[in-house]
Amino acid sequence: MYYDLNPGDKVGLVSPSRSVVPAEIAKGVAYLQSLGFEIVFGEHVFDKFRFMAGTPEVRAADLMSFYQDKSIKAIFATSGGDGAQYLPPLLDWAVIRENPKPLIGLSDTTALQNAIYTQTGQIGFSGLTLNYDFRSGCLDKTLDKSVKTMLFGDHFVYKSGRTVVAGEAEGVLVGGCLSLLRNLCGTPYFPDLSGKILLIEDVEEPTYKIDLMLQQISQCKGFHALRGIIFGKFLDCPVRRKEDGNINEVIKFFSQGLGIPVIRDFDYGHHFKRYMLPLGAKVRLTATENGKGTVFSD
């Protein structure tokens with residue numbers, strides 16, 4: 001178990017990214033309650049400032065209030081979207097370091113989760129949003145099982161994906177949404193990639209931009225010592241021109257010559273069927289010659 005979470009614990013809700021209204025997250029809140037959690041809303045969860053859920057200062061204040069409150073055992077982001085990158089410079093890293101607890105989210109939360117790992121070494125859970133994941137009325141069965149495993153369990157084995165480059169690797173998992181991770185390049189919040197396994201997905205990005213973002217990541221600190229890459233699902237990522245290549249062609253070209261195991265089409269990303277994964281935790285990756293991938297806890 002990464003954190004000692006139990007039914008009956010208090011958990012905090014924050015909106016570090018785009019604005020939400022109560023009806024958007026009602027089913028997500030009910031789901032957390034069904035797991036036995038007592039929900040505490042951040043003071044500014046339903047604020048609105050431009051396209052975001054309040055000013056950067058009030059969003060950061062909500063997050064810090066939950067890190068300071070020892071009765072709060074985990075923090076859930078209500079949504080993804082845009083705006084989380086405003087927050088890292090406003091956070092008190094000493095307080096967060098002294099009060100470890102998971103931040104749970106997806107997509108835009110990538111910026112915060114990797115910043116928190118980089119500054120404190122704490123693990124965050126990537127794979128759940130309270131608005132997006134309940135649009136059909138209930139949570140996908142695969143994700144539901146994975147959420148419970150990650151919050152309350154101590155071991156996972158996720159068989160998913162297709163081999164691009166065969167091999168085995170062990171390392172600390174970092175990454176998430178590619179465009180958000182790329183936005184951290186050149187800041188103090190981008191993780192050193194040495195000894196890491198890189199997790200990548202994205203949505204609605206043209207393949208030529210994905211190609212260029214991957215090139216930028218490959219020029220960041222520690223990439224030469226990367227252990228492996230997990231490419232998740234890329235949803236609605238169009239091909240601008242034929243010569244740009246589709247997403248599988250972009251991944252194949254990027255992976256050539258790296259000499260590390262690589263899988264693609266892993267069940268993680270903006271598709272509703274996905275696994276929740278522990279960013280900042282050590283995991284193992286196998287990419288077999290017969291084309292199968294497995295990611296499992298160390």
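Author: A pocket is an open set of points on a 1 Å grid over the protein atoms alone, with protein on both sides within 12 Å along at least five of seven lines. Grid points are joined across faces, edges and corners, and a volume is the space filled by probe spheres set on the points. The model is predicted: local features need pLDDT of at least 70, side-chain atom pairs count only at pLDDT 80 or more, and totals for chains, interfaces and linings use all residues. Residues are numbered from 1 along each chain as its sequence is written, and side-chain values use heavy atoms, without hydrogens and water.

Reader: What makes a residue part of the lining of the largest pocket, and which residues line it?

Author: A lining residue has an atom within 4 Å of a point. R18, S79, G80, G81, L106, S107, T129, N131, Y132, R135 and H270 line the largest pocket.

Reader: How does that lining divide by class?

Author: Two are nonpolar, seven polar and two charged. Nonpolar covers Ala, Val, Leu, Ile, Met, Phe, Trp, Tyr, Cys and Pro; charged covers Asp, Glu, Lys and Arg; the others, Gly among them, are polar.

Reader: What makes a set of points a cavity, and how many of 30 Å³ or more are there?

Author: In a cavity a 1.4 Å probe fits but cannot get out. The count is one cavity of 30 Å³ or more. The largest cavity has a volume of about 40 Å³. Its lining has six nonpolar, three polar and one charged residues. Helix α4 (residues 109-120) gives the largest share, three residues.

Reader: What counts as a helix or a strand, and how many has the protein chain?

Author: Both are DSSP runs, numbered from the N terminus: helices are H or I with at least four residues, strands E with at least two. The protein chain has eight helices and 13 strands.

Reader: Why is the protein chain called as compact as a globular protein of that length?

Author: The globule rule is 2.2 Å times the number of residues to the power 0.38, and the radius of gyration is taken over C-alpha atoms. The rule gives 19 Å for 298 residues; the protein chain has 18 Å, which is close, so it is as compact as a globular protein of that length.

Reader: Why is A225 called partly exposed?

Author: Buried means under 20% relative accessible area, exposed over 50%, partly exposed in between (1.4 Å probe, protein chains only). A225 has 25%, so it is partly exposed. A225 sits in the loop between α7 (207-218) and β9 (228-235).
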